[in-house]
Amino acid sequence: MNALLAYLDAVGADLRRGDATEHTHRPALKQLLEAVAPAVTVVKEPRRIACGAPDLAVLRRADDLVLGHVEAKDVGLSLDDAVKSEQLRKRYLPALTNLLLTDHLEFRWFVNGEERDRVR
């Protein structure tokens, strides 16, 4: 729970400064994901893959096997709209078997293109 509170504090501090973008929050998101799943390494801005360039890749620490990807949007951006975008609808959801979509406050998990869970 401390990792989540630290994450929310970091995002809140970034927002209060008034100049944050979706990129600003990625280090805090990386730290959160690695804290809640110590067996993974999160790579920011990984190499482009066939369907595009998701913002983060989640790798199994033991062997660098890609477990999934994260697409991060700016805080407050509608994830409903993001899901309807060409980027997600036509490229990421059909191609990525494990995708986390977030605006840094809401999280939606997709497996094989289907939404499995959401947390806000």
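## Salt bridges in this model

Twelve salt bridges are found in this structure, which is a predicted model. Why do such pairs form? Side chains of opposite charge can pair when their charged atoms come close. Let's visit some of them.

## Around Arg17

Start with Arg17, whose side chain meets that of Asp14 in a salt bridge, with 3.2 Å from N to O. Both Arg17 and Asp14 belong to helix α1, which covers residues 2-17. They sit three residues apart, and that is about one turn of the helix.

Are the two partners buried or exposed? Arg17 has a relative accessible area of 51%, so it counts as exposed, because the cut-off for that word is over 50%. Asp14 has a relative accessible area of 13% and is buried, since buried means under 20%.

## Arg60 and Asp63

Now look for Arg60 and Asp63, whose side chains form a salt bridge with an N to O distance of 2.7 Å. Here Arg60 is partly exposed, at 33% relative accessible area, and Asp63 is partly exposed too, at 44%. Both get that label because their values fall between the cut-offs for buried and exposed, 20% and 50%.

## A linked network

Which residues are linked in a network of salt bridges? They are Glu22, Arg26, Glu45 and Asp55.

Conventions
Residues numbered from 1 in each chain as written. Predicted model: local features only at pLDDT ≥ 70, side-chain atom pairs only at ≥ 80, totals over all residues. Heavy atoms only, no water. Salt bridge = Lys/Arg side-chain N within 4 Å of Asp/Glu carboxyl O. Helix = DSSP H or I, 4+ residues; strand = E, 2+ residues; numbered from the N terminus. Buried < 20%, exposed > 50% of the residue type's maximum accessible area, 1.4 Å probe, protein only.
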